[in-house]
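Please read them with the structure open.

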Amino acid sequence: MNNNVKKLVLAAFFMALGIILPFFTGQIPQIGNKLLPMHIPILLCGFICGWQYGLVVGFATPLLRSMMFGMPAIMPTAIAMAFELAAYGFMTGILYRKLPKKNYSLYISLVGAMIVGRIVWGIVSVVLYGIQGNAFSVQIFLAGAFLNAIPGIILQIVLIPAIMIALKKAGVLREYNAEKV
């Protein structure tokens, strides 16, 4: 099968995961949304399929989920998440391609993408809240981007590199990481 077709199929798989995973964590409201389940497949998509697929899947997934199920609410949440997750997919793909193929590069790419994505979310949220006539304060940013997200951040830092290392050991990633940016 053609490498682009494989990437397209994988990208669709990651989008489906991004749509489905929140149903599982949503059963535990106290922590469910703090686990950031939609973020995991988007970050993996950027690593495995590349920045182009990560960008598109990241942008489309929260919007599609919002249109299908009404969650997250389209304004401002799904729109802000679309830009945030697009940044995640883009940054993991770019950083992982540019850095040496060492395990520490997974962490650098992941943390770099998480920081950039949260900054993008904050900037877009300022604009969207302003359109709605609401203030988006530093406290809201810190709570949404970091404090409330700590369980999800920890889960991502533990789970995503473990998945990537397992896929590398299994020899699955060689063909997907062939091209350079």
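Predicted model: local features only at pLDDT ≥ 70, side-chain atom pairs only at ≥ 80, totals over all residues.

1. The chain has eight helices and zero strands. Along the sequence the pattern reads α-α-α-α-α-α-α-α.

2. Overall dimensions. The C-alpha trace spans about 50 × 30 × 30 Å along its principal axes. The radius of gyration is 16 Å, and a compact globule with 181 residues would come near 16 Å, so the two agree.

3. The H5/H6 pair. Helix H5 covers residues 74–98 and helix H6 covers residues 103–131. They pack at an angle of about 155 degrees, and their axes lie 7 Å apart. H5 is therefore roughly antiparallel to H6, since angles over 145 degrees count as such. The crossing of H5 past H6 is right-handed. What kinds of residue make up the contact of H5 with H6? It divides into 22 nonpolar, five polar and two charged residues.

4. The largest pocket: volume and centre. This pocket holds about 840 Å³ of space. It is lined by 32 residues. Closest to its centre are Asn33, Leu36, Pro72, Thr77 and Met81. Please look at these five when you inspect the site.

5. The largest pocket: who contributes. Two or more lining residues come from each of helix H1 (3–25), helix H2 (29–32), helix H4 (51–69), H5, H6 and helix H7 (138–147). Which element gives the largest share? H5 does, with five residues.

6. By class, the lining has 18 nonpolar, ten polar and four charged residues.

7. The second largest pocket: volume and centre. Its volume is about 170 Å³. The lining consists of 14 residues. Phe13, Phe14, Leu44, Ile48 and Ile163 lie nearest the centre.

8. The second largest pocket: who contributes. H1, helix H3 (39–49) and helix H8 (150–169) each give two or more residues to this lining. H1 gives the most, with five residues.

9. For the largest pocket, by contrast, the lining includes ten polar and four charged residues.

Terms used: Residues numbered from 1 in each chain as written. Heavy atoms only, no water. Axes fitted to C-alpha atoms, helices over the stretch in contact; angles between N-to-C directions. Helix = DSSP H or I, 4+ residues; strand = E, 2+ residues; numbered from the N terminus. Parallel < 35°, antiparallel > 145°, perpendicular 65-115°, else oblique. Left-handed = near helix turned anticlockwise from the far one by under 90°. Nonpolar A, V, L, I, M, F, W, Y, C, P; charged D, E, K, R; others polar. 1 Å grid on protein atoms, 1.4 Å probe; cavity = no way out; pocket = protein on both sides within 12 Å on 5 of 7 lines; lining within 4 Å. Points joined across faces, edges and corners; volume = space filled by probe spheres on them. Rg over C-alpha atoms; globule rule 2.2 N^0.38 Å.
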